[in-house]
Amino acid sequence: MTLMDQVFAAAAPCLAGKAVEELVVGISLIGCCLSDGSVGVSYVMREELPNGCSAFPFARQAEGKPAAEIAGWVVSGKDDLQRAVGAAVLDAASQSIAGIPDDEKSGQPFGVAIGRDDTVGMVGYIRPVAANIRTMAGKLVVFDHGVYLRGGALDVYPTEQEKELLPDCSVVILSGTTTINGTIDSLLRLCQNAREIVLVGTSTPMFPEGFRDTKVTRLAGAWWKNEGRREIFKLISLAAGISSLSPYMIHKNVAVAHEI
């Protein structure tokens with residue numbers, strides 16, 4: 001069973017009885033609204049998408065379907081876009097979980113204490129987070145295929161070096177998009193020496209029970225102000241990124257409880 005199989009199973013009670021009411025697919029983000037009014041957002045990974053103007057007929061077919069069916073695309077999706085649609089549905093459905101705290105912005109990235117003895121690995125370049133960690137950690141190594149090819153960012157390595165460098169990291173920050181592109185399981189196997197592994201970003205599925213028997217220690221994702229639905233969807237349709245949606249974002253941060 002993959003990690004996303006576990007997460008999807010944990011999400012089942014939150015998906016039951018709901019349908020996908022509306023879906024919008026932009027070039028940067030995907031937004032959905034469920035029949036209970038909950039809004040979810042996920043990231044579009046454009047790099048590996050197929051060519052053609054009719055490559056994604058499934059997006060039009062999602063509206064009106066049971067939320068559980070569409071959320072299941074995070075496991076069964078045929079490409080990164082289909083899996084991202086499933087991730088947006090999961091994000092919306094996770095609002096049904098009680099007790100997911102807001103991020104307190106303690107000054108420690110995602111609530112994790114980082115010091116000069118730490119080597120921090122980051123999969124998926126998040127510029128402001130990387131800038132903050134550089135001031136705290138002894139070393140930062142970032143893996144991002146697109147950023148590495150374009151150049152112009154410090155500490156960014158090709159993803160081919162993950163096998164070599166991630167095992168030396170004491171703290172690892174993984175983008176939630178690793179649950180969309182199918183790399184999360186292999187990455188976690190490389191993080192055997194990390195005391196903290198944090199999954200971050202709006203594509204992070206906020207279902208702590210789904211991560212209970214994994215190496216992930218913390219989920220730092222986002223919920224959305226449901227009353228901002230119309231503006232969120234309009235911005236996504238106009239190719240807006242996460243920063244443009246920030247007035248409607250509620251940062252969430254929860255520790256994963258592990259068996260002792």
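Leu 23 sits opposite Cys 32 of β2, in a predicted model where local features need pLDDT of at least 70, side-chain atom pairs count only at pLDDT 80 or more, and totals for chains, interfaces and linings use all residues. Residues are numbered from 1 along each chain as its sequence is written, and side-chain values use heavy atoms, with hydrogens and water left out. Strands (E, at least two residues) and helices (H or I, at least four) are DSSP runs numbered from the N terminus, and two strands pair if DSSP finds at least two bridges between them.

- β1 and β2 (residues 29-34) run antiparallel and are joined by five bridges.
- The open sheet here has three strands in the order β1-β2-β3, with antiparallel pairing.
- β1 (20-25) and β3 (39-43) are the edge strands, each pairing on one side only.
- From one strand to the next, the twist averages 15° (axes are lines fitted to C-alpha atoms, for helices over the stretch in contact, and angles run from 0 to 180 degrees between N-to-C directions).
- Helix α5 (residues 80-93) packs on this sheet and touches β1, β2 and β3 (contact means heavy atoms within 4.5 Å); its direction makes about 145° with that of β3.

**Seven-stranded sheet**
- Another open sheet, with mixed pairing, has seven strands in the order β6-β5-β4-β7-β8-β9-β12.
- Its edge strands, β6 (156-157) and β12 (254-255), each pair on one side only.
- β5 (residues 139-143) pairs with β6 in the parallel sense over two bridges, and Phe 143 stands opposite Tyr 157 in β6.
- Helix α6 (residues 127-134) packs on the sheet, touching β4 (119-123), β5 and β7 (171-175), with a direction about 175° from that of β4.

**Aromatic pairs**
- The count comes to two aromatic pairs (rings of Phe, Tyr and Trp, the last by its six-membered ring, with centres within 6.5 Å; planes under 30 degrees apart are stacked, over 60 edge-to-face, the rest tilted).
- Phe 58 and Trp 73 make an edge-to-face pair, at 5.5 Å centre to centre and 85° between the planes.
- Phe 58 belongs to helix α2 (residues 57-62) and Trp 73 to helix α4 (residues 73-76), so this pair ties together parts 15 residues apart in sequence.

**Second largest pocket**
- The second largest pocket has a volume of about 170 Å³ (the space filled by probe spheres set on grid points, which are joined across faces, edges and corners).
- A pocket is an open set of points on a 1 Å grid over the protein atoms alone, where a 1.4 Å probe fits, with protein on both sides within 12 Å along at least five of seven lines; lining residues have an atom within 4 Å of a point.
- Its lining includes Val 25, Arg 46, Phe 56 and Leu 81.
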